[in-house]
Amino acid sequence: MNIDDEIIVNVEKLLYEGQGLARVDNFPIFIEDVCPQDKVKIKIVKLKKNYAQGQLVEIIEPSPQRVKPFCALHNVCGGCQWQFVSYDEQIKQKKNIVDETLKKFTGSDIEVKDVIKSPVTTEYRHKIQYPISQTKVSKRLLSGYYKKHTHELINIKHCPIQPVAIDELICEIKEKAQEFNISAYNERKHSGLLRHVVFKNSCSNGKNLIIFVINDEEISENIDKLATYIYKNCKNIAGILVNFNTKKNNVILGKESKLLIGEAFYEENLGDKTFQISANSFFQVNPKSAEKILETTKIMIQENTTEPTILDAYAGVSSFGIYLSDIAQTVVCVEEVEGASEDARTNKFKNNATNVEIVNGDASAEFKKMLDNNKQFDVVILDPPRKGCSEEALDFASKLSKKLIIYVSCNPATLARDLKYLHENGFKTKYVQPVDMFPHTYHIESVALIIKE
């Protein structure tokens, strides 16, 4: 096998990060844009000692699981990787990814349940972060997502995985911004004003919180005019804020946001609970699947404890703690970000969750304080970012938990790494329940039930 060779292969399966796997004489070849059971002609574009990278040239025999993408821009937009794969096959592949990753990293045979499907597979994304750019000649404002493997912006007028109302709103915002002579940010020159427009859309009531991310430290008159126009002339606007980000990096939001008009938050319902979410507070982008995760967690707890004490570690707006308050004796929610803790206090009041305590402070310091006071909980809930938990966080969790740790993960590799560490420190994983949060992508959420031995 050599670079530029063209060969015909059969695709075995899909891998985390979206590629397909084929083999020639047991030598692995990774290929984008393929479906399990495809027979394809590929070109070898990279050749290493242990693997090769292939580029799709032609589909010789399409897989029975290959379907027509429902988005016209699927081939160029980097947002969805698997629209050409049937949804049932996506679910099957995601379970396999979780299963194989856990076996590889932990060396244990952990039970992986069938994936809980997303209740909706289109218009499911309720947090949208649109980068803004501008054409050189006409100065027309563009918004969308980046072309695969590039930083070239694809102007998107309709995205099927987000609410239709967002398509209409971003169109109106761009037209009016142009009328008010608001320039788009140029990443290469670090010039121009409007960097991103962020939408937080409520699945429950359709209200939108809009955030203009600007390359400035002050609010211009024209940004203020734009906000006022959109708020007064467009439907279902909860409020509009400006976020200041003058740094030369790819981070979307700066640290400071300021309300321009309306409310500084929106509301979302999960089950029978109502949550207030502010501009900088984290909340799951697919509320219908978020409900499935919360209900999965509740079932795990109910099947293994009665009226437990619960620690909601790294709690955000306390969605876990408040959702679980009905089955708990007490819940303590610890969160470092003051704004999220403020939302949590409001959410406690809204839901009459009198047995919930909101603690704002450095997580490590608060956990150490609890241990110094011999405090323990029946259940500790961990919901870390993609990088997973630090060993310090896992040590705290293992010492603070009397019975269970429930680990909610968006990355099978870091989940497996952290489970291995917990296994070495007196815990055993009973099972893992994957939940599909992001249909048509390779991303997969998992909820692990971990029991103290």
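Colleague: Which residues does Thr106 touch, not counting residues up to four places away in sequence?
Modeller: Contact here means heavy atoms within 4.5 Å. With residues up to four places away in sequence left out, Thr106 touches Ala416, Leu419 and Lys420.

Colleague: What kind of model is this, and which pLDDT do side-chain atom pairs need to count?
Modeller: Residues are numbered from 1 along each chain as its sequence is written, and side-chain values use heavy atoms, with hydrogens and water left out. The model is predicted: totals for chains, interfaces and linings use all residues, local features need pLDDT of at least 70, and side-chain atom pairs count only at pLDDT 80 or more.

Colleague: Now Arg125: which backbone oxygen lies 3.2 Å from a polar atom of its side chain?
Modeller: Arg125 is in the loop between α1 (87-106) and β6 (127-134). Its relative accessibility is 26%, so it counts as partly exposed. It touches Ile161, Gln162, Pro163, Val285 and Phe438, not counting residues up to four places away in sequence. The backbone oxygen at 3.2 Å belongs to Lys127.

Colleague: How far apart in space are the C-alpha atoms of Arg125 and Gly271?
Modeller: In sequence, Arg125 and Gly271 are 146 residues apart. Going C-alpha to C-alpha, the distance is 18 Å.

Colleague: How many salt bridges does the whole structure have?
Modeller: I call it a salt bridge when a side-chain nitrogen of Lys or Arg is within 4 Å of a carboxyl oxygen of Asp or Glu. One of them joins Arg345 and Glu338, N to O at 3.3 Å. Arg345 is partly exposed because its relative accessibility is 38%. Searching the whole structure gives a count of 22.

Colleague: Which residues are linked with Lys103 in a network of salt bridges?
Modeller: The side chains of Lys103 and Asp109 meet at 3.6 Å, N to O. Asp109 has a relative accessible area of 66%, so it is exposed, whereas Lys103 is partly exposed at 38%. The network links Lys103 with Asp99 and Asp109.

Colleague: Lys402 forms a salt bridge with Asp378; how many residues apart are they?
Modeller: The closest N and O atoms of Lys402 and Asp378 are 3.6 Å apart. This pair links distant parts of the chain, with Lys402 in strand β19 (residues 401-409) and Asp378 in strand β18 (residues 377-382), and the separation is 24 residues.

Colleague: What is phi of His440?
Modeller: Most residues other than glycine have a negative phi. His440 lies in the loop between β20 (427-435) and β21 (445-452), and it counts as buried because its relative accessibility is 6%. Its phi is positive, near 75°.

Colleague: Where does Asn374 lie?
Modeller: Asn374 isn't a glycine either, yet has a positive phi of about 60°. With a relative accessible area of 70%, Asn374 is exposed. Its place is the loop between α7 (363-372) and β18.

Colleague: Zooming out, which radius of gyration does the protein chain have?
Modeller: The chain has nine helices and 21 strands, and buried residues make up 51% of its 453 residues. Its C-alpha trace spans about 65 × 65 × 35 Å along the principal axes. A compact globule with 453 residues would come near 22 Å, which agrees with the chain's 24 Å.

Note on methods: Helix = DSSP H or I, 4+ residues; strand = E, 2+ residues; numbered from the N terminus. Buried < 20%, exposed > 50% of the residue type's maximum accessible area, 1.4 Å probe, protein only. Polar contact = N/O pair within 3.5 Å; in protein donor to acceptor, adjacent residues only side chain to side chain. Rg over C-alpha atoms; globule rule 2.2 N^0.38 Å.
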